[in-house]
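This report describes a single protein chain, moving from one residue to its surroundings and then to the chain as a whole. The sequence and the structure are shown first.

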Amino acid sequence: MDFTYHYDSPLGGITMACSDIGLTGLWFDGQRFFADTLSSGSTVKMTDIFRDTARWLDIYFGGGIPDFTPPIFLSSTPFRMAVWDILRTIPYGETMTYGGISRIIAERSGRKSMSSQAVGGAVGHNPISIIIPCHRVIGSDGSLTGYAGGLDKKTKLLELEGIKFKNIT
């Protein structure tokens, strides 16, 4: 069974989704691909997973660095899972480029190269915003590029972490 719960962040409403196993979604209300991984029969209910997630978000939005991660349960294609695993390695206050992720994926799969656009698509479909930090992925020239939650939110998240970036493209 899937559950949902609403969280009020300083950047707007966030909808959380979970199964009995872990967090399955965390989206800014109205973002692209909103609730992509959510089944139609979800129930609104506070769960221990949501309590952990809300505590994580409270620490993060309060300017702290959470020292734990709520239980997460992801299910997707092997390619997307590989990209999301790389996203989870980007430390607080740091960034990685789409090209950098492409090089890691290519190396791990024994290929000469990997499409940065394909990586961008996988990054954009990340179902657990903020905790799986897709907002820390920037263009090769240091500029901000797409974010399913909106560039305004990406800007605020990066500023919260003290990350410097170039003009928005």
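Y60 is buried in this predicted model, because its relative accessible area is 0%, and burial is assigned under 20%. W56 is likewise classed as buried, with a relative accessible area of 6%. Both residues belong to helix α1, which covers residues 48-61. A spacing of 4 residues, about one turn of the helix, separates W56 from Y60.

The aromatic side chains were also examined. In the whole structure, 4 aromatic pairs are found. The pair formed by W56 and Y60 is stacked, with 5.4 Å centre to centre and 10 degrees between the planes. The stacked class applies because planes under 30 degrees apart fall into it. Ring pairs also join W56 and Y60 with F61 and Y92 in a cluster.

Another buried residue lies in a loop. I130 is placed between α4 (116-124) and β6 (137-138). Its phi angle is near 70 degrees, a positive value in a residue other than glycine. I130 has a relative accessibility of 1% and so counts as buried.

The relative accessible areas of these residues are collected below.

| Residue | Relative accessible area |
|---|---|
| W56 | 6% |
| Y60 | 0% |
| I130 | 1% |

At the level of the chain, 47% of the 169 residues count as buried. The secondary structure consists of 5 helices and 6 strands. Read from the N terminus, the order of the elements is β-β-β-β-α-α-β-α-α-β-α. The radius of gyration is 16 Å, close to the 15 Å given by the globule rule for 169 residues, so the protein chain is as compact as a globular protein of that length. Along the principal axes, the C-alpha atoms fill a box of roughly 45 × 30 × 30 Å.

Contacts and surface complete the description. Among contacts in the protein chain with a separation of 6 or more, 57% are between residues 24 or more positions apart. The accessible surface of the chain comes to about 8,200 Å², and carbon and sulfur atoms contribute 52% of this surface.

Technical notes
Residues are numbered from 1 along each chain as its sequence is written. This is a predicted model: local features need pLDDT of at least 70, side-chain atom pairs count only at pLDDT 80 or more; totals for chains, interfaces and linings use all residues. Side-chain values use heavy atoms; hydrogens and water are left out. Helices (H or I, at least four residues) and strands (E, at least two) are DSSP runs, numbered from the N terminus. The radius of gyration is taken over C-alpha atoms; the globule rule is 2.2 Å times the number of residues to the power 0.38. Buried means under 20% relative accessible area, exposed over 50%, partly exposed in between (1.4 Å probe, protein chains only). Contact means heavy atoms within 4.5 Å. Accessible areas come from the Shrake-Rupley method with a 1.4 Å probe; for residues, only the protein chains shown count as cover. Rings of Phe, Tyr and Trp (its six-membered ring) pair if their centres lie within 6.5 Å; planes under 30 degrees apart count as stacked, over 60 as edge-to-face and the rest as tilted.
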